[in-house]
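Work through the following exercises with the sequence and the structure at hand.

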Amino acid sequence: MFQLPPVYFEHLLASSLDIVIAVDNEGQIIFYNDGAYRTLGYTLAEIRGKHVTTVYPSREEARRVMAAMRKGEARETGQVKNFETELISKNGEHIPVAISGSVTRSFATHFWAM
């Protein structure tokens, strides 16, 4: 079976129209794609290294999302699918989203889809 190189998947995520944001163990944004830029308005240079709470309406909401990811659904601990929350754009707009995401050993990955 042919396997695509990892760089292919990175480019696929980078160009996705969905919001894709990855954070490290400290909650710092380490990946931010074109879909996130188009929806939230932050450039990669503006948002990389910022705490993920930058895109949530409150620290409590960010904690609620992470707690749901850690708890997981049924047998899929560490994952959520279509978890409803909202994000805040650079201009202050509240954007309802449904998050599908997972926590991995090396970093937490959040996938946001409208």
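The exercises below concern a predicted model.

**Exercise 1. Overall architecture**

Determine how many helices and strands the protein chain has, and in what order the elements run.

Solution. Step 1: the secondary structure of the protein chain consists of 4 helices and 5 strands. Step 2: read from the N terminus, the order of the elements is α-β-β-α-α-α-β-β-β. Step 3: of the 114 residues in the protein chain, 39% are buried. Step 4: consider the contacts between residues at least 6 apart in sequence; 35% of these join residues at least 24 apart.

**Exercise 2. Confidence**

State the average pLDDT of the protein chain, and describe the stretch where the pLDDT is below 50.

Solution. Step 1: the average pLDDT of the protein chain is 86, and 86% of the residues score at least 70. Step 2: the pLDDT falls below 50 over residues 107-114. Step 3: beyond near neighbours in sequence, residues 107-114 have 49 contacts in the model.

**Exercise 3. An aromatic pair**

Which class of aromatic pair do the rings of Tyr-8 and Phe-9 form, and why?

Solution. Step 2: the ring centres of Tyr-8 and Phe-9 are 5.5 Å apart, and rings pair if their centres lie within 6.5 Å. Step 3: the ring planes of Tyr-8 and Phe-9 stand at 85 degrees, so the pair is edge-to-face, since planes over 60 degrees apart fall in that class. Step 4: Tyr-8 is partly exposed, with a relative accessible area of 40%, and Phe-9 is also partly exposed, at 42%.

**Exercise 4. The second largest pocket**

Describe the volume and the lining of the second largest pocket.

Solution. Step 1: the second largest pocket holds about 180 Å³ of space. Step 2: its lining includes Glu-10, His-11, Tyr-32, Asp-34 and Arg-48. Step 3: at least two lining residues come from each of helix 1 (6-15), strand 2 (29-32) and helix 2 (34-40). Step 4: by type, the lining residues of the second largest pocket are 6 nonpolar, 2 polar and 3 charged.

**Exercise 5. A single residue**

Is Met-66 buried or exposed, and in which helix is Met-66 found?

Solution. Step 1: Met-66 belongs to helix 4, which covers residues 59-71. Step 2: the relative accessible area of Met-66 is 15%; the cut-off for buried is under 20%, so Met-66 is buried. Step 3: Met-66 and Gln-79 are 13 residues apart along the chain, and their C-alpha atoms are separated by 9.7 Å.

Key. Residues numbered from 1 in each chain as written. Predicted model: local features only at pLDDT ≥ 70, side-chain atom pairs only at ≥ 80, totals over all residues. Heavy atoms only, no water. Phe/Tyr/Trp six-rings, centres within 6.5 Å; stacked < 30°, edge-to-face > 60°. Buried < 20%, exposed > 50% of the residue type's maximum accessible area, 1.4 Å probe, protein only. pLDDT = per-residue confidence, 0-100. Contact = heavy atoms within 4.5 Å. 1 Å grid on protein atoms, 1.4 Å probe; cavity = no way out; pocket = protein on both sides within 12 Å on 5 of 7 lines; lining within 4 Å. Points joined across faces, edges and corners; volume = space filled by probe spheres on them. Nonpolar A, V, L, I, M, F, W, Y, C, P; charged D, E, K, R; others polar.
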